[in-house]
Amino acid sequence: MAQIIDENAKVCETLEGYLDSIGITTAGLNYHTLSIIGPQSSGKSTLLNNLFHTTFETMNDQIGRQQTTKGIHAAFNNQNVLIFDIEGSDSRERGDADALFERKAALFGLALSEVVMVNMWEKDIGRYNASSIPLLRTVFEVNLQLFSSSQEAKCHLLFVIRDSTHPGEIIENQVRRDLDMIWKDVILPQNLQGKKFDDFFVFHFFQLPHLKLEPEKFKEQAAKLASMFTNKDEPGFFFAQPMGKLIPGDGLAQYIHSVWDAISENRELNLPSQRKTLSNFRCEEFANQAYKEFETNATEQIVSKIDAKPFTEFKEIGQKLFETAIHNYNQQANKYVRDIANEKRQSLQERISSFLAPSFQRNCTIFKESAEKKFTEYIEKLPTELEESNEWEQNANKKLEETIKSIDEFVKSTMIPEFKWQFDVSDIEDNLHTLITNKLDTAISEMEQRVFERRNIEYKERINAILDSAEPNMWERLRSEMRNEITQTTSEINNILKKNTVDRHPSPKIANMYYRSTDSQITSASQFIQQKMIIRFEEKFLQDEEHKSRVWKPDDDISAIFESARENGLHILNMFTNSQLREPGTPVPLNDILTRQILTQIRREQILTEFNDTIEKSYISAVQIRESLIVRNTVPLWMWIVIAIGGYQQLVSVVEHPWKTLFLLAAIGLVYWLWSNQKLDKVIKVVKNYITRVLCIIVKLLQSTTQEMEVAPSILQASKKSAANDMELIKKGLDDKKIEDEKTLETADTLDTMTTEVSESNSTSASTNSPSKSEDSKEPAPAPKPRHRKRVSTSNNPYATLQPNRINQAELLKMKEMIQKRQAEKH
C-alpha cells in the first residue's frame with residue numbers, strides 16, 4: 001500500500017517506484033482497477049482490507065472518529081486488482097475545502113476506475129449528508145462531464161449497504177428514489193437533454209451484515225463480494241466486459257500525472273485525449289527503441305556488406321531484422337490506444353524502409369551495372385559484317401530481354417514485401433536498346449557502303465561507256481542504268497537486312513550515293529567534251545555509212561556532210577550543258593544535283609570556238625582532196641592528142657608483127673574473160689587509178705611550178721602586212737576577240753584574193769586549151785590586174801595554204817560564207 005495523492009493534492013514522488021515494485025509496469029493490460037468513495041470514518045478502508053486483504057490504515061476505535069485516509073492511497077492484491085482508497089467526504093479537517101477536494105477525488109476515481117464502490121450505511125439512507133447525497137451529486141455531474149466531453153462508457157457504481165437488515169429490494173428502491181431526486185436537480189448539457197441516469201450508469205447493490213454483530217455472516221458475504229472482483233467464473237463478475245479505462249501498466253504513472261494535473265488546474269478532463277497523449281508518448285518511445293536496435297543490426301549485417309558485388313542475402317537478412325523490430329514494438333505498444341499504436345507502427349515501418357531503401361537501390365544498381373557490362377560485351381562480340389551474319393538484331397533483342405529479366409528477378413528477390421520500393425529499369429532498357437540501335441546502325445551503314453563500293457566499280461564502267469559513246473539517248477540510258485542499279489543494290493541490301501534485322505529497310509542514302517557517283521562520272525566526262533565532239537564529228541565526216549574511212553569523190557557534197565557532222569558534234573555539247581538524271585515529270589528540289597548545270601556559258605563558248613577551229617581544218621582538207629580528184633579525172637584534150645601521135649608507131653608495129661597480134665588477142669581474151677566474170681570494172685578501176693595517179697603527179701609538178709611563180713610575191717606581201725597589223729593591235733591593247741575578228745576578216749579577204757586568182761587561172765587554162773589560141777599565136781598575154789586585197793600570213797590562217805588553181809570559185813565562196821556566219825554567231 002502507498003499514498004499516490006497526498007493531502008495537499010500533489011502526486012507523490014514515490015508513485016513510479018511503487019507501481020514498478022508491485023509489477024504494474026510489466027503487467028501491460030493484465031490488471032483491473034476499482035476505487036471506493038464514501039463519508040469519512042464510514043469503514044471504507046476496513047471494507048477493502050476484508051475484501052482484498054489489503055493493509056489500508058483504518059480508524060482507531062480508542063481514539064475515536066477522525067480523518068484516517070488523507071488524499072488517495074493505492075494497493076495491489078494478488079489477483080491483479082489495483083485498488084484506490086479515496087479520502088472520505090464530509091470531514092471536519094478539511095472544512096469548507098472539502099467540496100473542492102471531494103470533486104477532484106471523485107473525478108480521479110471515475111477516470112481511473114472500472115468500478116466505483118459507494119460505501120453507505122443502511123441507517124443513513126434518506127439522510128442528506130450521511131447518505132452521501134452531495135457526493136453522489138458530484139459523481140453525477142463529473143460523470144456527465146466525462147461522458148459529454150469524451151463519450152466514455154457507462155460508469156459501474158456499486159452501492160455497498162453496510163449493516164443491512166432489510167430486504168434488498170426495499171433498500172434498492174430507497175436508493176434509487178434518492179438518485180432520481182438528485183438527477184432532477186442536475187442541469188444536463190444541451191446535447192444530453194432528456195437522458196436518464198440509467199443511460200450513464202450501471203448500478204449494482206450489495207448488502208453486508210454487521211461486522212461485529214454477525215462476523216461470520218459478514219465474512220461470508222464479503223468473500224462472495226470479493227469473488228465477484230477476482231473470480232471470472234463467478235456470476236456477476238464485474239470485469240467480464242472491457243470498459244476501456246485501463247492504461248498499460250508501463251504508462252500508468254504518466255497517465256496519473258496528466259489526469260491529476262488536468263483535474264487540479266480545473267481544465268476540461270478529456271480522458272480519451274489523455275489516453276491518446278499517453279499512448280502517443282509511449283508508442284513513440286517504443287518505436288525509437290525498436291528502430292535504434294534495428295539500425296545497429298542493419299548497419300552491421302547489410303550496409304557494410306554491400307560493396308562492389310551484389311549482396312544476394314539482402315532480402316533474407318533485411319526481412320528478419322524488420323520483423324524483429326516490429327515484433328518488439330508490438331509487444332509494448334499493443335497495450336495502448338490501437339489507432340495510435342498502429343500509427344506509430346506505420347511510422348516505424350517507414351523509418352526502417354527509409355533506412356534500407358538506399359542500400360536496396362545501391363545493391364540493385366550494382367547488379368544492373370554488372371548486367372549492363374555483360375550485355376555490352378555480348379554486343380561487341382557480335383559480327384560487324386552483316387553479310388556473314390544471321391539474325392543479328394533478333395539475337396541482340398533476345399539478350400536484352402534476358403538481361404532485363406535478370407535485373408527484374410534480382411530486384412524482386414531483394415525487395416522486402418512490406419516496403420513499396422521501386423527500382424526503375426526503364427532507363428536501363430532504353431540505354432541498352434540505344435546501344436543495340438547504334439551498333440546496328442553502324443553495321444548497316446558499313447554494310448551498305450561495302451555493297452555500294454563493290455557494285456559501284458562495274459557501275460562506273462557502264463556509266464563511262466555510256467558517256468564515252470555519247471549517243472543521242474545518253475541521258476535516258478543513264479537514268480535507266482542508275483535506276484536499275486539502285487533497285488538491284490537496294491534489293492541486295494534488303495535481303496541482308498531481312499536476315500539480320502526485325503523491321504529495317506535500306507537507307508535512302510543509297511540513291512544519293514549513286515546520284516553522286518553518276519554525277520562524278522559526268523563531271524569527269526565533261527572535261528573531255530571537246531574531244532568527244534571532235535570524235536563524233538570525225539565519225540560522221542571522215543567515215544561513211546559502213547563506218548569505213550570515207551573516200552572523197554568529185555561529186556560529194558562536202559558542205560552538207562560537214563554541216564551534218566558538225567551538228568552531231570554540237571549535239572554532244574548540248575547534251576553535256578545540263579544534267580538530266582532526274583526522271584521527267586518529277587518535282588525538282590532546290591540545288592538538285594540531278595538537274596545541275598554542267599557547263600557554264602563561258603566554258604561552252606570556249607569549247608564551241610575551239611571545236612569550230614579544229615573541224616574547219618578537216619573541211620579544208622576534204623575540199624583539197626576532192627579538187628585533186630577532179631583534176632585527176634579531167635585529162636586535157638591536148639594530152640590525148642599527144643598520146644595518139646606518140647603511140648601511132650607502136651600501134652602499126654603491133655599490126656605488122658604476128659606475136660604482137662597474138663599478145664593483143666590474148667589481151668582481148670583476158671578482157672573478155674574479166675567482163676564475163678564481172679571483174680572487168682574492178683580491173684579498169686584499178687588501172688585507171690594508177691594511170692590517174694601518175695598523170696596527177698605530172699600535172700601537180702607543172703602547176704606547182706607555175707603557181708609559185710605567180711602567187712609567192714603576193715603571199716609574202718600579205719604576210720608582212722598581217723604581221724604589221726598584229727603588232728599594231730597589240731600596241732593598242734585590243735583583246736583577243738578583236739584580234740580574232742580581224743584575222744577572220746583578213747581570212748575572208750584572202751579568200752577573195754584566192755577567188756580572183758582562181759578565176760584568172762581558169763581563164764588562162766581556157767585560153768591555152770582553146771583551138772583559136774594556139775601556142776603559135778603571137779598575141780601578147782593580157783597584163784595581170786593589180787590586186788588591192790590584203791594577204792594574211794600562212795602561219796595564222798589555215799586557208800592561206802590553199803592553192804587557188806586547185807579549188808574552184810564556188811567552194812571558196814562557200815568557205816567565205818561559213819566564216820562570216822561564225823563571225824555573226826560570236827557577236
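Visitor: Why is strand 4 called largely enclosed by the rest of the structure?
Guide: This is a predicted model, and in it six of the six residues of strand 4 are buried, so the strand is largely enclosed by the rest of the structure. Buried means under 20% relative accessible area.

Visitor: Which residues of strand 4 point one way, and which the other way?
Guide: Val-81, Ile-83 and Asp-85 point one way. Leu-82, Phe-84 and Ile-86 point the other way, and all of these residues are buried.

Visitor: What makes strand 3 and strand 4 a pair?
Guide: Two strands pair if there are at least two bridges between them. Five bridges join strand 3, residues 72-76, to strand 4, residues 81-86, and the two run antiparallel. For instance, Ala-74 stands opposite Phe-84, and Ile-72 has Ile-86 as its bridge partner. In the hairpin of these strands four residues lie between them, and Asn-80 takes a positive phi near 60°.

Visitor: How do you know that strand 2 pairs with strand 4?
Guide: The same test applies: at least two bridges are needed, and five join strand 2 to strand 4. Here the strands run parallel. One of the bridges has Thr-33 with Leu-82 as its partner in strand 4.

Visitor: What is the order of the strands in the sheet?
Guide: The open sheet has seven strands in the order 1-3-4-2-5-6-7, with mixed pairing. Strand 1 (2-5) and strand 7 (201-207) are the edge strands, since each pairs on one side only. From one strand to the next, the twist averages 25°.

Visitor: Which helix lies across strand 2, strand 4, strand 5, strand 6 and strand 7?
Guide: That is helix 6, residues 215-230, and it runs at about 155° to strand 7.

Visitor: Which residues have the most contacts inside the largest nonpolar core?
Guide: They are Met-117, Leu-157, Phe-159, Phe-229 and Leu-356, in a core of 184 residues. Phe-159 touches residues including Val-118, Leu-136, Leu-179 and Phe-205.

Visitor: Why is Ser-42 called buried?
Guide: The cut-off is under 20% relative accessible area, and Ser-42 counts as buried because its value is 3%. Ser-42 lies in the loop between strand 2 (32-37) and helix 2 (44-52). Beyond its sequence neighbours, Ser-42 touches Asn-119, Trp-121 and Arg-162.

Visitor: Is Lys-44 buried or exposed?
Guide: Lys-44, in helix 2, has a relative accessibility of 6%, so Lys-44 counts as buried. Among the residues Lys-44 touches are Asp-85, Ile-86 and Asn-119. The UniProt annotation "binding site" covers residues including Ser-42 and Lys-44.

Note on methods
Residues numbered from 1 in each chain as written. Predicted model: local features only at pLDDT ≥ 70, side-chain atom pairs only at ≥ 80, totals over all residues. Heavy atoms only, no water. UniProt positions renumbered as here; feature names shortened; annotations may be inferred. Buried < 20%, exposed > 50% of the residue type's maximum accessible area, 1.4 Å probe, protein only. Contact = heavy atoms within 4.5 Å. Axes fitted to C-alpha atoms, helices over the stretch in contact; angles between N-to-C directions. Core = buried A, V, L, I, M, F, W, Y, C linked by side-chain atoms within 4.5 Å. Lists of a residue's contacts leave out its neighbours within four places in sequence.
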